[in-house]
Amino acid sequence: MDTESTYSGYSHYSGRSRGSHRHGERSRDRHKSRSKDSRSEKSVTINTPPAEPLLGDSSVRGEQVQDDNWGETTTAITGTSEHSLSQEDIVRITKDLEDSVGLDCRRYITRTIAVIMGLLVFFTPLAFLVLPHILWPEKLQSCGTACEGLFISVAFKLLILLLAVWALFFRPARAGLPRVFVFRILLAVLVFLFVVSYWLFYSVRILDSQDENYQGIVQYAVSLVDALLFIHYLAVVLLELRQLQPCFSVCVTRATDGETRHYNLGQLSIQRAALAIIEHYYCDFPIHNPALLSASKSRAAKHLAGLKVYNVDGEFPASPTEGPGNNANAGIAQSQSRAMIAAAARRRDTSHNELYYEEAEHERRVRKRRARLVVAVEEAFTHIKRMQEEEPKKAPGDVMDPREAAQAIFPSMARALQKYLRTTKQQHCHSMESIQQHLAFCITNNMTPKAFLESYLTPGPTLQYGKDHWLGRRWTLISEASVTSSLKDGSVFLLKCVDFSLVVTSKKIPYVQMSEEYIDPKSHKFVLRLQSETSV
């Protein structure tokens with residue numbers, strides 16, 4: 001083939017030397033550019049895990065396309081695929097890495113400052129007790145029984161303080177907030193000022209004068225530990241107990257499909273309320289499915305595309321002041337606009353019938369696919385039970401584990417499951433590997449076919465699906481008020497994600513006035529009087 005193309009190129013050059021020479025130069029330039037582009041694209045590759053391809057997804061990831069007919073040809077996936085990246089993808093990945101490094105640095109800096117503050121608080125009382133023995137040990141008075149008892153008190157109080165600080169302040173971070181937590185900063189400043197004040201008093205009244213009353217120094221250290229315990233109690237009240245009482249009812253609406261939930265929140269700032277709402281979202285809201293929204297958009301586009309206007313008299317003048325037939329053209333344009341409005345009105349009168357029959361047809365198809373899927377899964381689980389009954393009769397080497405059993409029965413239900421997921425627009429939510437893992441989990445725990453199908457027949461919350469649907473998702477908080485200010489009646493803010501946004505509105509829970517009404521127990525007594533003569 002190479003020799004034939006070369007020969008034909010030379011013969012063409014003999015006929016038209018100049019044009020073909022320029023054409024050859026342009027083709028060589030394009031060939032060089034394509035070779036450079038191919039070399040630049042091949043310079044960066046990534047390996048993807050085998051579980052990444054999605055069921056029935058026709059999207060292209062790099063150069064590999066998911067097979068749409070995996071229900072008929074279900075095989076095990078062994079190996080990895082390489083995808084080339086463009087320069088724009090490299091820039092985007094670099095920017096994401098820089099942002100993540102910035103967030104990690106801020107998190108580590110905050111944790112380092114907290115550790116330094118905790119060590120300062122913990123070792124300050126011990127320093128108060130140790131420094132007199134180091135600087136002027138010969139001048140100190142002997143410590144009696146009461147002083148030695150204070151040592152035990154300081155030891156246990158410091159241990160309690162250490163455990164309490166660890167439990168309250170050194171918990172794993174749930175999220176990275178855009179602004180600092182005001183109460184936490186105020187408590188840190190209060191503790192710092194408190195410890196500095198004690199050090200100043202200690203250096204002026206004890207270190208400079210070299211106080212000989214060691215029991216007084218021990219009592220001074222005990223008072224510091226007691227004050228720190230009270231500050232920790234204040235931290236528990238401000239950080240944990242203050243927000244427990246519900247004060248606001250927030251309405252959370254997903255902007256794309258209108259899914260709505262209501263929650264009760266306490267006295268929280270806007271950013272902490274947003275964090276609580278996001279945590280509730282992952283557990284309560286069904287997963288966001290953009291494929292369901294594209295159906296309504298295509299239907300509307302089809303209705304609009306059905307209206308056409310033809311101009312049989314030629315093009316109109318560029319402006320209404322040019323040409324002699326302006327009045328006639330204006331009249332034609334008005335008549336066409338009126339005709340288009342009338343046609344749209346007639347089409348709108350019949351569009352509800354089309355929508356009704358489309359929805360009825362879709363529901364019929366869903367019920368049909370669902371029935372086939374239920375029958376296929378029940379037959380597969382019946383085969384599993386039969387295999388379990390025959391296991392004691394088999395040799396030890398022939399017994400399959402749950403993973404092998406799931407891979408053995410999966411092809412029998414793969415076609416029905418694929419068609420059902422395509423009909424309900426859920427093919428992007430479930431990968432082949434995740435379905436096989438769920439099937440192996442159900443077999444291991446002796447679950448019924450209905451329990452296996454519940455994950456696919458009913459859309460569940462976001463956390464029910466793979467980590468690629470929620471892990472590392474970044475949210476943007478949009479609010480007119482400061483995010484560190486507390487929630488108020490009528491506050492509105494947005495939580496924006498890549499695919500959708502959550503609109504949050506808050507209403508204050510009203511004050512309830514309750515009164516009591518006393519009912520006399522004797523008022524419930526009555527007398528039944530029967531007449532002597534009754535009708536038969």
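Welcome! Start by selecting Arg-171 and Glu-240: they form a salt bridge, with the closest N and O atoms 2.8 Å apart. The term salt bridge stands for a side-chain nitrogen of Lys or Arg within 4 Å of a carboxyl oxygen of Asp or Glu. This pair links distant parts of the chain, since Arg-171 sits in the loop between H4 and helix H5 (182-207) and Glu-240 in helix H6, 69 residues apart. Helices (H or I, at least four residues) and strands (E, at least two) are DSSP runs, numbered from the N terminus.

Before going on, note that this is a predicted model, where local features need pLDDT of at least 70, side-chain atom pairs count only at pLDDT 80 or more, and totals for chains, interfaces and linings use all residues. Residues are numbered from 1 along each chain as its sequence is written, and side-chain values use heavy atoms, with hydrogens and water left out.

**Stop 1**

How many salt bridges does the structure hold? There are six. For another one, select Lys-157 and Asp-226, whose side chains meet at 2.5 Å, N to O. Lys-157 lies in helix H4 (residues 145-169) and Asp-226 in helix H6 (residues 214-241), so this pair ties together parts that are 69 residues apart in sequence. Lys-157 is partly exposed at 21%, and Asp-226 is also partly exposed, at 24%.

Side chains of opposite charge can pair when their charged atoms come close.

**Stop 2: a hairpin**

Now select strand E5 (residues 248-254) and strand E6 (residues 260-265), which pair in the antiparallel sense over six bridges. Two strands count as paired if DSSP finds at least two bridges between them. E5 and E6 form a hairpin with five residues between them, and Gly-258 in the turn has a positive phi of about 80°.

Which residue of E6 stands opposite Cys-251? Click on His-262 to see it. Likewise, Thr-253 stands opposite Thr-260 in E6.

While you are here, select Glu-259 and Arg-261, a salt bridge whose closest N and O atoms are 2.8 Å apart. Glu-259 is partly exposed at 24%, as is Arg-261 at 25%.

**Stop 3: the sheet**

Zoom out to find five strands in an open sheet, ordered E6-E5-E9-E8-E7, with antiparallel pairing. E6 and strand E7 (476-479) stand at the edges with a single partner strand each, so one side of each is left without a neighbour in the sheet. On average, neighbouring strands of this sheet are turned by 25° against each other, direction ignored.

**Stop 4: confidence**

Finally, colour the chain by pLDDT, the predictor's confidence in each residue, from 0 to 100. The chain has a mean pLDDT of 75, and 65% of its residues reach 70 or more. Among the elements, E5 has the highest mean pLDDT (95) and strand E1 (residues 45-48) the lowest (32). Select residues 1-28, where pLDDT stays under 50 and the model has four contacts beyond four places in sequence; contact means heavy atoms within 4.5 Å.

Definitions and conventions
Buried < 20%, exposed > 50% of the residue type's maximum accessible area, 1.4 Å probe, protein only. Axes fitted to C-alpha atoms, helices over the stretch in contact; angles between N-to-C directions.
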